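Please look over the chain shown here.

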Amino acid sequence: MEYTIRTATPEDAAALLNIYRPYVEETAITFEVETPSLEEFRNRIVRTMQKYPWIVLEDESGTIIGYAYANTFKGRAAYNWSVETSIYLDRDCRGRGLGHTLYDALEDILRRMNIRNLNACIACTDREDDPYLGKGSVRFHKKFGYTIVGTFHDCGFKLGNWYSMVWMEKMIGAHDGAPEDVIWFPEL
């Protein structure tokens, strides 16, 4: 099957929200507990894309089956070379290497922007039989070259359970001397 990666548009909001909704309502993968409205989700895309990439993955029929984006890691200027990454796939499309395809494309864009550090905030559990959260996201990020740098223990309560959060990072650029200015996404 052929897949296409392209830049998201605000008009994609409904399709992207349909991918995100089950993660909010049925899992602890996101600590968001109420599904955002379509307008709020559209606004998130617009705000994010003022500086950072938001990309979508389409199948041969043009159906969006996943998305990934980068966003502000911290709001102070010294953090400009670090971002937080996020990725969501249609739940029926997981396990096919499509997440890797999306993250490869996102990472390429971020390198061209002069970003140096990728950070991912990932919900986690020690329970082996948790019905709302598995260990797949941490395994996926480790396979993609991220390492765990910190854990916030039992910091989120969702679906009747306490969950921890790990921060993972991946360095994609050199840290020697002053960095080149970040090229904000709309200028690429």
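## Basis of the model

This is a predicted model, in which local features need pLDDT of at least 70 and side-chain atom pairs count only at pLDDT 80 or more, while totals for chains, interfaces and linings use all residues. Residues are numbered from 1 along each chain as its sequence is written, and side-chain values use heavy atoms, with hydrogens and water left out.

## Overall make-up

The protein chain has four helices and seven strands (DSSP runs numbered from the N terminus: H or I of at least four residues for helices, E of at least two for strands). Along the sequence their pattern is β-α-α-β-β-β-α-β-α-β-β. The radius of gyration is 16 Å, close to the 16 Å of the globule rule for 188 residues, so the chain is as compact as a globular protein of that length. This radius is taken over C-alpha atoms, and the rule is 2.2 Å times the number of residues to the power 0.38. The C-alpha trace spans about 45 × 40 × 30 Å along its principal axes.

Of the 188 residues, 43% count as buried (under 20% relative accessible area, with a 1.4 Å probe and protein chains only; exposed is over 50%, and partly exposed is in between). Among contacts (heavy atoms within 4.5 Å) between residues at least 6 apart in sequence, 67% join residues at least 24 apart.

Strand β2 covers residues 54-58, and five of its five residues are buried. Trp-54, Val-56 and Glu-58 point one way from β2, whereas Ile-55 and Leu-57 point the other way.

Strands count as paired if DSSP finds at least two bridges between them. Strand β1 (residues 4-7) runs antiparallel to β2 and is joined to β2 by four bridges; here Thr-7 has Ile-55 as its bridge partner. Strand β3 (residues 64-72) is also antiparallel to β2, with five bridges between the two, and Tyr-67 in β3 stands opposite Val-56. The hairpin of β2 and β3 has five residues between the strands, and Gly-62 takes a positive phi near 90° there.

## Thr-48

Is Thr-48 buried or exposed? Thr-48 has a relative accessible area of 5% and is therefore buried. Thr-48 belongs to helix α2, residues 38-48. Leaving out residues up to four places away in sequence, Thr-48 touches Pro-53, Trp-54, Tyr-69, Ala-70 and Asn-71.
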